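Dear colleague,

Please find below the structure that I am passing on to you. My notes on it follow directly after.

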Amino acid sequence: MKHLTAKENFVNSFLKESGLPDSNYTLSMLAGDGSARIFQRLEQKDSGKTYVLMENPPQDEFLKKENLAYLKIGEHMLSKGIPLPRILKYDLDAGYFIIEDMGDRTLQDEALSSKEKIRIYENIIEILLRLQVVGREDFDTSWCCQTPFYDSSLMREKEAWYFRDSFLRDYTGIETDFSELDESFEYIISMAKKADTGFLLHRDFQSRNIMCRSEGIAILDWQGARLGPLAYDLASLIFDPYVDLSHSERNHLIEVYASLLKAKAPGAYDSFKKYFLYIAVMRIMQALGAYSFLSIKKGKTYFEKYIPIALKSLIALLDELADGKISLLLDIVKGIEK
């Protein structure tokens, strides 16, 4: 008799519990992105039903916390009516999850081919605001696998310094005294941290984490959620270089969001408008750091083509801020673009 692996036992158990034959199924690899997690499509051939198997072996304490965050935050968001794939079975000790199959068509795919692109984004913005406002209700920060809040230490280490080290130093190779940028970074952080932070923050709300199906939108990769400002996820969505919306499209979507915000959380409107640009700068610096790190350190060079688009957006935002306290940062990034 063949000895089954832990994964095979997990899959077989799920199929039996679902009333399906625990034989005649296939597992096929799904394309990954920036994550080290492994995703496979599970298809039970007799029924034609498909699911997604996610593997994230908890080899250290952080990965244990990440898996628990995936479970707890996912269950919380689903309870608030946020459209996510349901978690159908899990084994936290082994790091196995079986979730609903949301298909293969991302918002990136849809936006680059659909004539209804802006209408789709408008619908997603409604979902985003529900996630942020309704999702914060009863949210337990002990579920978070990183920081419970989007705070200045996170902005400094995971965004400003990530941008400085991975993009400016490692990717571009420019030679400069990076300590001279501290003033620019600290000023942007000091402004961004003034925004209201009592909302649920997804922190990677971009087109490859949003699936488009005939049944509607579905959001993926929520395990990094925490409490934070409204502006961050909106900036992630509209400055996403995978789609590269036009300036006018972005402005339209900001106004759509602002109008909905006035209706759903009017007390947060002024803070959102006042600090949006600073928070958008932080998000794009994070993205540039990530694309550079993944390209250089992880060999995922397909991220490299998005760096010029993100850099262009960063320059435009810094120009729009028109603040002398960030002039050195602006000069450096403009020099890179040339």
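The crossing of helices α9 and α10 is left-handed, a crossing being left-handed if the near helix is turned anticlockwise from the far one by less than a right angle, and right-handed if clockwise. Helix α9 covers residues 269-296 and helix α10 residues 307-321; helices here are DSSP runs (H or I, at least four residues), numbered from the N terminus. The axes of the two helices come within 10 Å and cross at roughly 155°, where axes are lines fitted to C-alpha atoms over the stretch in contact, and angles run from 0 to 180 degrees between N-to-C directions. Helix α9 is therefore roughly antiparallel to α10, a term for angles over 145 degrees.

Please note that this is a predicted model, in which local features need pLDDT of at least 70 and side-chain atom pairs count only at pLDDT 80 or more, while totals for chains, interfaces and linings use all residues. Residues are numbered from 1 along each chain as its sequence is written, and side-chain values use heavy atoms, with hydrogens and water left out.

Both helices also contribute to the lining of the second largest pocket, as does α8 (247-264); each of these elements gives two or more residues. A pocket is an open set of points on a 1 Å grid over the protein atoms alone, with protein on both sides within 12 Å along at least five of seven lines; lining residues have an atom within 4 Å of a point. The volume of this second largest pocket is about 320 Å³, a volume being the space filled by probe spheres set on the grid points, which are joined across faces, edges and corners. Of its 17 lining residues, Phe239, His247, Asn251, Leu317 and Glu320 are the closest to the centre. Helix α10 supplies the largest share, six residues.

A search of the whole structure also finds one cavity of 30 Å³ or more, a cavity being a set of points where a 1.4 Å probe fits but cannot get out. The largest cavity holds about 40 Å³ of space. Helix α9 gives the most to its lining, with four residues. Among the residues that line the largest cavity are Ala195, Asp196, Phe199, Ser271 and Tyr275.

Finally, aspartate 331 lies in helix α11 (residues 327-337). Aspartate 331 is exposed, with a relative accessible area of 52%; exposed means over 50% (1.4 Å probe, protein chains only).

Yours sincerely

Key: Buried means under 20% relative accessible area, exposed over 50%, partly exposed in between (1.4 Å probe, protein chains only). Angles under 35 degrees count as roughly parallel, over 145 as roughly antiparallel, 65 to 115 as roughly perpendicular and the rest as oblique.
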